[in-house]
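Hi there,

Here is the structure I promised to pass on. My notes on it follow below, so please have a look at both together.

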Amino acid sequence: MKKIIVGISGASGAIYGLRLLENLQAQKDIEIHLVMSQWAKENLSIEATGYSQAQVNSLADFVYSDNDMGAKIASGSFQHSGMVIIPASMKTVAAIATGIDDNLIARSADVTLKEKRPLIVVPRETPLSTIHLRNLLTLSEMNVDVIPPIPAFYNQPKTIDDLIDHTIMKILDHLHINNDLAPRWKSLPDAKKRSRLIPVTSKNHKFQVSEQGFTMTVLVSRENLDVLVQLIGGDVPHFGVVSTIDNTGKIETHALPSRAGHVHQEGILTEHLANIIKPALQGNAIITGGVHVNNITPEQIDAATSMTEALGEQLVEWLRANPVKPLKISFARQPH
């Protein structure tokens, strides 16, 4: 069984670390050891990752505090198959390059180096100063794999997820883990052929906001003039309420059962969202709602309303920026 250490520092780009954890967890016979800095934990909400700390921890087999200098991964006697620091802040890079073991991420990297085990850093900073470049050169001279999250475009990425997956593919390759996470280069004729097959589209989009320790997401797709919106979030996203807006502006809501004698209450949010986006619609809209925060507080209830408003404003802006030209519709003739 491979044992992989994943360190997530406070650099922007926590989603890279999360996506690596997801893909490592999906592999067979991999044991994941996770350590996150305090600022990495803050970035879960700042960067609207959609993950709570508990959800991130569930992706690993072992989780350590960044202050736990007595953890087993702080010892060179702990045998593992590689360590990845993703994203790697310039502070973390500097600490490793100069041998300053002031936290568990830096200490684990230090012992990985001295035991000559694979170490990968994914530096997330721009522009890079001379000091940054010298520190990265020092790591490279010590056989550290430096893999900046620089996107490729020969594979015609369509979403941010596509850009992220390309970087994670590179990291898995360097860990010698087989994967088909992103399209690989085959040939110039193949690339040209695929470029003709991928249409430019604005049919689908995703919006996220975070407040009071949880995240809400809107997923929107459209067919012709009509729009399907999913409003989900919290610890247990689900589909509990459906609100519809017809082309006259009429709003109707149906709540599904949540448990015996109760129905889901997100209709308050879906109707609020419906009223916000109604002026920007070209046709009908269906809005599903499912937001559940475990042991929700009054402050979080208020936040759900304000986040719905923020998501609605983003959605209105997107709808107006991407108007749809209606398809031609014809109907069968009725016999006389």
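Let me start with a helix: Arg 107 and Asp 110 are three residues apart in helix α5 (residues 104-114), so about one helical turn separates them. Their side chains form a salt bridge, with the closest N and O atoms 3.9 Å apart. By salt bridge I mean a side-chain nitrogen of Lys or Arg within 4 Å of a carboxyl oxygen of Asp or Glu. Helices (H or I, at least four residues) and strands (E, at least two) are DSSP runs, numbered from the N terminus.

Before going on, the ground rules. This is a predicted model, in which local features need pLDDT of at least 70 and side-chain atom pairs count only at pLDDT 80 or more, while totals for chains, interfaces and linings use all residues. Residues are numbered from 1 along each chain as its sequence is written, and side-chain values use heavy atoms, with hydrogens and water left out.

**Salt bridges**

The structure holds nine salt bridges. One of them pairs Glu 115 with Lys 114, at 2.8 Å between the closest N and O atoms. Another joins Arg 184 and Asp 173 (2.9 Å, N to O). Arg 184 sits in the loop between α7 and α8 and Asp 173 in helix α7, so this pair ties together parts that are eleven residues apart in sequence.

**Backbone**

Two cis peptide bonds may interest you: Ile 86 to Pro 87, with omega about -10 degrees, and Thr 126 to Pro 127, with omega near -10 degrees. Pro 87 belongs to strand β4 (residues 82-88), whereas Pro 127 is in the loop between β5 (119-123) and α6 (130-141).

Gln 156, not a glycine, has a positive phi of about 50 degrees, and His 176, also not a glycine, has one of about 60 degrees. Are they buried or exposed? Gln 156 is buried at 18% relative accessible area, and His 176 is exposed at 68% (buried is under 20%, exposed over 50%, partly exposed in between, with a 1.4 Å probe and protein chains only).

**A pocket**

The second largest pocket is lined by 20 residues, with Gln 265, Glu 266, Val 291, His 292 and Ile 296 nearest its centre. On a 1 Å grid over the protein atoms alone, a pocket is an open set of points where a 1.4 Å probe fits, with protein on both sides within 12 Å along at least five of seven lines; lining residues have an atom within 4 Å of a point. Helix α10 gives the largest share of this lining, four residues.

Best wishes
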